[in-house]
Structure formats: C-alpha cells, structure tokens
Amino acid sequence: MEQQRAIVVGGGIGGLTAAVALHRNGWQVTVLERAADLAPVGAGIGLAPNAQRALDVIGLGDRVRELAAWQGDGGMRAPDGRWLARTNAGAAAARFGGPLVLLHRATLVEILTSALPDGTVRTGTAASLTDPGDDRRPARLTTPYGETEAELVVAADGIRSATRHALFPGHPGLRYAGCTTWRVVIPAPETPFAPHETWGAGRLWGTQPLKDGRIYAYAMATAPAGGRAPDDEKAELLRLFGDWHHPVPEILAAVDPAQVLRHDVHHLPDPLPAFHQGRVALLGDAAHAMMPSLGQGGNQAIEDAVVLAHHARSAPGFLPGRDLAAYTADRLPRTTAIVRKAARTGALTMLSARPAVALRSTLVGAVSRLGPGLVLRGFDGIADWHPPVAPTRPA
Ligand SMILES: Cc1cc2nc3c(=O)[nH]c(=O)nc-3n(C[C@H](O)[C@H](O)[C@H](O)COP(=O)(O)OP(=O)(O)OC[C@H]3O[C@@H](n4cnc5c(N)ncnc54)[C@H](O)[C@@H]3O)c2cc1C
C-alpha cells in the first residue's frame with residue numbers, strides 16, 4: 001500500500017519531534033524549513049519530565065538525559081545575593097517522576113534529526129499553505145519548487161506562523177508581553193557555583209550549567225517593544241545586571257557581545273478556536289506561543305508532536321475530521337491553561353514597584369521555608385503529565 005505523505009512546515013523543536021513521531025508511525029515525512037540550515041539559536045533548553053516522557057515515546061528520552069545536565073540543586077536569589085528559596089533535584093524528581101534537565105538546543109536538534117531518514121529535512125524551503133484540504137481531498141502547499149500536496153500538514157512554523165494566520169485570519173494574534181529577553185552560552189568558568197535564578201525589580205537573571213561545563217545564562221527585563229542597545233547587548237546587560245551578586249558580574253565579563261541573543265517576548269493570550277483545520281494541524285509556538293516564565297514552550301511543542309502522532313497513528317485509516325479534532329480536544333485546554341499560567345508567572349517575575357518586590361521576596365522565602373514541595377507545586381499538572389502512549393526503548 002502507498003505510504004501517506006505528511007509535510008511538516010518548520011524544522012524547529014516541535015516540527016522535528018513531530019517528524020520523528022509520524023515517521024515511526026508509518027508516515028512518509030518531509031520537513032520543509034525555510035532557513036538555510038537547522039542551526040538553532042545558541043542557547044540552552046530546559047526539559048521537564050513531561051517533555052522527557054513524550055521523548056520516551058519516540059525512543060529518544062534516554063539519549064536526551066545522557067547528554068543533559070540535571071537541574072534543581074540551586075534556587076532563587078535576590079540581586080544582593082540572599083537566597084530566597086532553595087530547590088533540590090531529588091525533591092523535583094520525586095514529585096514529578098524524573099529530573100528537570102538542561103541541554104544545548106543544538107544537541108536536541110541533533111538527537112531529533114539523527115532519528116530521521118536521510119533527506120527528510122529540506123532546508124532553504126519556505127512553504128505556504130494554499131488549501132487545508134478535507135476528508136476527501138489532500139492539503140496543498142506552495143514551495144519555491146512548485147505546488148505540492150499531502151494527506152497531513154503539520155504547521156510547526158513558529159511564533160509568527162503564517163499558517164496560523166491563513167487558517168484563523170480573524171484571531172487577534174500575538175501580543176507583546178512588555179518584556180525582552182537575552183540568552184548566551186559562555187565557556188566553562190574556573191570556579192563552579194550553584195545554579196540560580198535571581199529576581200529583581202522588573203529584571204530577572206538565570207545561570208545554569210550545561211553538561212559539558214559551559215554556562216547557559218538568560219535574562220529578562222521590562223522594556224518597550226523593539227528596543228535595541230545603542231552600543232551592544234553585552235553593554236546593556238552590564239548596565240542592568242553588572243552590580244548583581246556573584247557570579248553574575250564574572251559571567252558577564254566572559255560574554256562575547258556577538259553571541260548575545262535578544263528577543264522581545266510575545267505570546268498568544270487568546271486561545272485559537274482549534275489547533276486544526278482540514279488536514280492541517282498546528283503545533284508548538286504556532287498554536288500556543290507563551291511567555292518563557294515556566295520554560296514550557298518547547299516542552300509543550302514536544303508534547304503536541306507526540307499526541308498528534310498518536311491520533312494520526314494509523315496512517316492508512318487516517319480521517320482528518322475525526323483524528324485532528326481529537327488532537328485539538330487533547331491539546332487546546334491543556335496548553336491554554338499553561339499559556340495563562342506562564343503569563344501570571346511572567347507578571348510576577350516582572351513586578352517592578354519596590355513594595356511589591358519586597359512582598360514577593362518575603363512570600364517566596366516564607367513558602368520555601370515550608371519545604372521544597374511548596375515551591376515545586378507551581379509545576380503540578382504540568383511536569384507530571386503522561387503521554388497517551390507507552391514509552392519505547394531505543395533500538
Ligand atoms: C528566552 C527564552 C527561553 C526559553 N526557554 C525555554 C525552555 O527552557 N524550555 C522550553 O521548553 N521552552 C523554552 N522557550 C520556548 C521555546 O524556545 C519555544 O517554545 C520553542 O522553540 C518553539 O518551538 P517550535 O518548533 O514551535 O518553533 P520554532 O523553534 O520557532 O521553529 C519554527 C521553525 O519554522 C520555520 N519556519 C517559519 N516559517 C516557515 C515557512 N513558511 N516555511 C518553512 N519553515 C518555516 C522557522 O525558520 C523555524 O525554524 C524559551 C523561549 C525564550 C524566548
């Protein structure tokens with residue numbers, strides 16, 4: 001029997017995970033990526049047990065854990081260095097059934113692409129949807145090489161998804177969240193230090209080690225949309241965080257200004273009416289862009305991909321009207337709740353009025369003294385998620 005064709009638009013974390021999961025379920029998969037190569041942004045990504053369990057379904061969880069660093073021993077600090085709350089990897093693992101891990105995005109992309117047959121990913125190929133199709137006719141796309149069609153199109157085209165706009169033109173779309181972020185990876189420092197996230201007034205700084213000893217640092221601050229430092233982003237980070245506690249100044253000193261990534265934070269506070277139409281399924285940031293405050297955007301893209309492949313699992317018996325509606329029913333309520341929680345957490349981290357910041361520090365400290373369980377409770381219902389399918393051991 002002829003294999004059914006799935007075209008994935010976008011070779012980010014969500015698109016690549018979907019490609020692996022669909023390929024394993026018997027689909028003939030092509031990933032169309034408009035960038036000239038798959039090199040992801042030079043930053044780390046935290047994967048909580050929920051996403052790791054989704055990766056277990058496609059046989060890649062162990063590989064990811066092998067190449068990642070465990071997170072959790074460390075905690076939250078104030079800019080003057082006071083510890084507000086301590087976190088503990090063991091407590092997190094006990095509560096959620098596994099550790100939170102951090103790895104370089106390039107490592108994750110490498111693991112995902114190595115699970116795909118050669119030639120699956122076509123870079124330098126922007127695609128646009130011309131017809132979403134239905135139960136009787138295939139979906140159609142335009143590419144630089146002409147028209148193409150498929151029984152399933154996965155729109156994993158990211159936060160500025162043109163497919164989302166084509167399917168739901170009346171949706172209000174992205175909203176600026178009022179803050180901007182910086183990310184950078186620096187070489188291994190001479191003296192080790194505890195991972196931490198530090199909350200100041202309208203500013204946040206995080207420092208986490210990668211498995212190979214390099215450091216992933218991220219920062220966020222309230223700012224008007226579209227701003228850029230007049231000199232360079234390292235200089236901007238020094239102005240905002242240069243007088244924060246050890247090891248922030250040491251890390252900043254080691255930063256190469258050319259490596260600093262800056263992105264404004266946009267999200268989709270209004271949920272889409274559905275994550276599908278015709279034969280097209282939206283996933284990842286295209287479906288539910290969220291603030292990075294819970295570190296769940298990529299995790300949810302990975303969950304989406306595995307759940308989508310679960311509903312579209314019997315490729316020859318695939319009925320888009322039925323199977324993609326089941327995908328929407330599984331994913332839309334969960335991700336809507338997480339987008340909202342990420343926005344609430346983001347607003348809390350970006351508080352800038354001094355009395356509110358002082359009250360926040362007091363509350364975080366008080367909650368932490370009651371035990372690590374209370375700090376971790378914020379991830380209940382998120383990190384403890386289980387996929388609808390059993391894990392597979394790697395071949
Ligand atoms: C500061 C910061 C920190 C974060 N930290 C974390 C974290 O620790 N953990 C976590 O889970 N998430 C985190 N996130 C969120 C995470 O980065 C995103 O949610 C995730 O990368 C989304 O993946 P995606 O595959 O949906 O989209 P993307 O990774 O954006 O991929 C979309 C791809 O589609 C391609 N594309 C777009 N249009 C077309 C087209 N027309 N044709 C072909 N290709 C196209 C793009 O080139 C791109 O490669 C963070 C985000 C930020 C900003």
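Two conventions apply throughout. Residues are numbered from 1 along each chain, as its sequence is written. Because the model is predicted, local features need pLDDT of at least 70, and side-chain atom pairs count only at pLDDT 80 or more, while totals for chains, interfaces and linings use all residues.

I begin with the ligand. There are 35 residues around the ligand, and those that come nearest are Gly10, Gly12, Gly284, Gly297 and Gly298; a residue counts as near if its C-beta atom, placed from the backbone, lies within 6 Å. By class, the shell holds 14 nonpolar, 16 polar and five charged residues. Here Ala, Val, Leu, Ile, Met, Phe, Trp, Tyr, Cys and Pro are nonpolar, Asp, Glu, Lys and Arg are charged, and the others, Gly among them, are polar.

Which elements supply at least two residues each of this shell? They are helix 1 (13-24), strand 3 (44-47), strand 13 (175-186), helix 9 (285-288) and helix 10 (297-311). Helix 10 gives the most, with four residues. Helices (H or I, at least four residues) and strands (E, at least two) are DSSP runs numbered from the N terminus.

Two of these contributors also pack together. Helix 1 and helix 10 have axes 8 Å apart, at an angle of about 25°, and they are therefore roughly parallel, a term for angles under 35 degrees. Axes are lines fitted to C-alpha atoms, for helices over the stretch in contact, and angles run from 0 to 180 degrees between N-to-C directions. The crossing of helix 1 and helix 10 is right-handed, meaning that the near helix is turned clockwise from the far one by less than a right angle. Helix 1 also packs with helix 5 (residues 105-113): their axes come within 9 Å and cross at roughly 20°.

Strand 12 runs parallel to strand 1 (residues 5-9), with four bridges, and isoleucine 7 stands opposite valine 153. Strand 12 is also joined in parallel to strand 19 (residues 280-282) by three bridges, where valine 154 has alanine 281 as its bridge partner. Strands pair if DSSP finds at least two bridges between them.

A further sheet is open and mixed, with seven strands in the order 6-5-14-15-16-13-17. Strand 6 (83-87) and strand 17 (261-267) stand at its edges with a single partner strand each, so one side of each lacks a neighbour in the sheet. Neighbouring strands here are turned by 15° against each other on average, direction ignored.

Within this order, strand 5 (residues 74-77) and strand 14 (residues 196-199) pair in the parallel sense over three bridges, with arginine 77 partnered by threonine 198. Strand 14 then joins strand 15 (residues 203-209) in antiparallel fashion through four bridges. These two strands form a hairpin with three residues between them, and glycine 202 in the turn has a positive phi of about 65°. Finally, eight bridges join strand 13 to strand 16 (residues 215-222), which run antiparallel, and arginine 183 faces tyrosine 218 there.

How values were computed: Angles under 35 degrees count as roughly parallel, over 145 as roughly antiparallel, 65 to 115 as roughly perpendicular and the rest as oblique.
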